[in-house]
Amino acid sequence: MYQEVILDHYKNPHGRGLRDGDAEVHHVNPTCGDEITLRVRYDGTTIADVSYEGQGCSISQASASVLNELLVGKDLPEAQKIQETFLELMQSKGRIEPDDAMEEVLEDAVAFAGVSKYPARVKCALLSWMAWKDATAQALGEAGADAERKTA
Amino acid sequence: MTELPGLLDTEAIRKDFPILDRQVHDGRKLVYLDNAATSQKPRQVLDALSEYYERYNANVHRGVHVLAEEATALYEGARDKVADFINAPSRDEVIFTKNASESLNLVANMLGWADEPYRVDHETEIVITEMEHHSNIVPWQLLAQRTGAKLKWFGLTDDGRLDLSNLDEIITEKTKIVSFVLVSNILGTVNPVEAIVRRAQEVGALVCVDASQAAPHMPLDVQALGADFVAFTGHKMCGPTGIGVLWGRQELLEDLPPFLGGGEMIETVSMHSSTYAPAPHKFEAGTPPIAQAVGLGAAIDYLDSIGMDKILAHEHALTEYAVKRLGEVPDLRIIGPSTAEDRGAAISFTLGDIHPHDVGQVLDEQGIAVRVGHHCARPVCLRYGIPATTRASFYLYSTPGEIDALVEGLEHVRNFFG
């Protein structure tokens, strides 16, 4: 479960700290007390920045770092595809062995495949991703919803 | 093997608990240190449960057939055992619930619907403490919101004790009920009952004690406590899940109104109104957890056969040893009393900056089961400025060797995340 990639992101997080954003959300995992405050900034439908501050276990912190690395600079539909693929992997209960196609989409985030076997930890891994989705909906309003419909 | 004075013969006791032989994660020996969450069950309790279903199963207090009478005798026999176990003056003061949460909610609802002099309303106050389990916070918040009563609480000292320096300001003439935990599930603190009860009695307030972490671990005497209500649960004391107890003083149970209505709690019913059965049945609507009560009775027999005073001594010796050994782990900070004095066998701690989830996961990989999180006592975590803790908690079958395994496991955790 604790892949080297996860520990690296945990010890050296990408993009941590709060910066200016178009929307801010605060999400908590009530079962364990993990918390994240996350801001998104958009340039049109391109993700200009995802900044965050939070406390939690290595899984939740590393996941936020990977999210930042993967999503910043991406266009919304592509980011949504990554988010949905990550969600699918995390909800797989360890049954999905990531193939090359999935690895191409998820990059470092495939390291979390092992976490999906631990139901208690899946929420930790998803915390920042759910926060990002929520913040995006708030920041883009209709535009975000439109893009989401197109990719659905 | 470490020998400590006061230890029980755990080698013999552990033979009664089949689950303790389990191996996890490819052959690692299970080290079960999550007893404050739930205890394991001895063979004697498992046998009582299956024997009940195999030989006696019937609904209780109705029907005249053999099984119904035998099932009723077993269920009511369990009530006698509980009454003896807690030194209740009368068996009719023992109400079966499904857990301690239900017991505490029952008290809150009795008082919310009561007439004077018990009634909690907008002119009155409810007192709890900052170290309560959520089950002894939320029912009172609900009652306060619904009645307009004011909710007050005792704060905590830096070393994990109740701050009673403002006892007379917190408990006043307006206080109707003081509800507090006897032994904290997160801090391990054993609270000074006498001082609180004395002040509550001075102002005529009722006292409710949450004994969920006390009943399994020490002799419990409801008369000596001087409380009006005492709540606890069966599954933390070798019994099955689904059975809890509320003890209440008889005159209160006679005066206070029922909460749940239904079968079994009535005397007569017409389409216009009903009259109620005497306590405890007034508070036991519907088919009760019969097998679970029988299982709790078997658990009490088991604990009595060992002796609650001996279990207390065993856990005290283990706690002293654990506090000492954990103190040797660098960066480990105990959240709660740092000595075994007036302290139960649940020890919460933080380990440097390593999140408790990660501590628990890496310990689990070594077969060591602990609890991580805020332990349903989030205000305590807020009070000490920490997101969560790791908690190791011991019971009558726990050994010094398991504490050594925990300490070694924590060293491994530190190396892993260091």
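Which domains does the domain assignment of chain B give? Domain 1 covers 10-32 + 307-417, while domain 2 covers 46-304. Please keep in mind, as you look through the views below, that this is a predicted model.

**View 1. Chain B as a whole.** Welcome to chain B, which holds 14 helices and 17 strands. Its radius of gyration is 22 Å, close to the 22 Å that the globule rule gives for 418 residues, so chain B is as compact as a globular protein of that length. Along the principal axes, its C-alpha atoms fill a box of roughly 70 × 55 × 35 Å. Of the 418 residues in chain B, 51% are buried. Take the contacts in chain B between residues at least 6 apart in sequence: 71% of them join residues at least 24 apart.

**View 2. Where the two domains of chain B meet.** Here we look at domain 1 and domain 2 of chain B, whose C-alpha centres lie 29 Å apart. Across the boundary, 24 residues of domain 1 of chain B are in contact with 22 residues of domain 2 of chain B. On the domain 1 side, the elements giving two or more residues are α11 (308-327), β14 (346-351), α13 (378-383) and β17 (389-393) of chain B. Among these, α11(B) gives the most, with five residues. By class, the residues on this side of domain 1 of chain B divide into 12 nonpolar, six polar and six charged.

**View 3. Chain B against chain A.** Now for the place where the chains touch: nine residues of chain B are in contact with nine residues of chain A. On the chain B side, helix α12 (residues 356-365) supplies the largest share, three residues. Sorted by class, the chain B residues that touch chain A are three nonpolar, five polar and one charged.

**View 4. Two crossing helices in chain A.** Finally, find helix α1 (residues 4-11) and helix α2 (residues 58-71) of chain A, whose axes come within 8 Å and cross at roughly 85°. The two helices, α1(A) and α2(A), are therefore roughly perpendicular to each other. From α1(A), the residues A:Ile6, A:Leu7, A:His9 and A:Tyr10 take part in the meeting. Their partners in α2(A) are A:Ser58, A:Ile59, A:Gln61, A:Ala62, A:Ser65 and A:Val66. Counted by class, this contact of α1(A) with α2(A) has six nonpolar and four polar residues, with no charged ones.

Note on methods. Residues are numbered from 1 along each chain as its sequence is written. Chains are lettered from A and ligands numbered from 1 in the order in which they are written. This is a predicted model: local features need pLDDT of at least 70, side-chain atom pairs count only at pLDDT 80 or more; totals for chains, interfaces and linings use all residues. Helices (H or I, at least four residues) and strands (E, at least two) are DSSP runs, numbered from the N terminus. The radius of gyration is taken over C-alpha atoms; the globule rule is 2.2 Å times the number of residues to the power 0.38. A residue is buried if 20 or more other C-beta atoms lie within 10 Å of its own, exposed if 12 or fewer, and partly exposed in between; C-beta atoms are placed from the backbone. Two residues are in contact if their C-beta atoms, placed from the backbone, lie within 7 Å. Axes are lines fitted to C-alpha atoms, for helices over the stretch in contact, and angles run from 0 to 180 degrees between N-to-C directions. Angles under 35 degrees count as roughly parallel, over 145 as roughly antiparallel, 65 to 115 as roughly perpendicular and the rest as oblique. Ala, Val, Leu, Ile, Met, Phe, Trp, Tyr, Cys and Pro count as nonpolar, Asp, Glu, Lys and Arg as charged, and the others, Gly among them, as polar. Domain bounds come from an automatic or database domain assignment.
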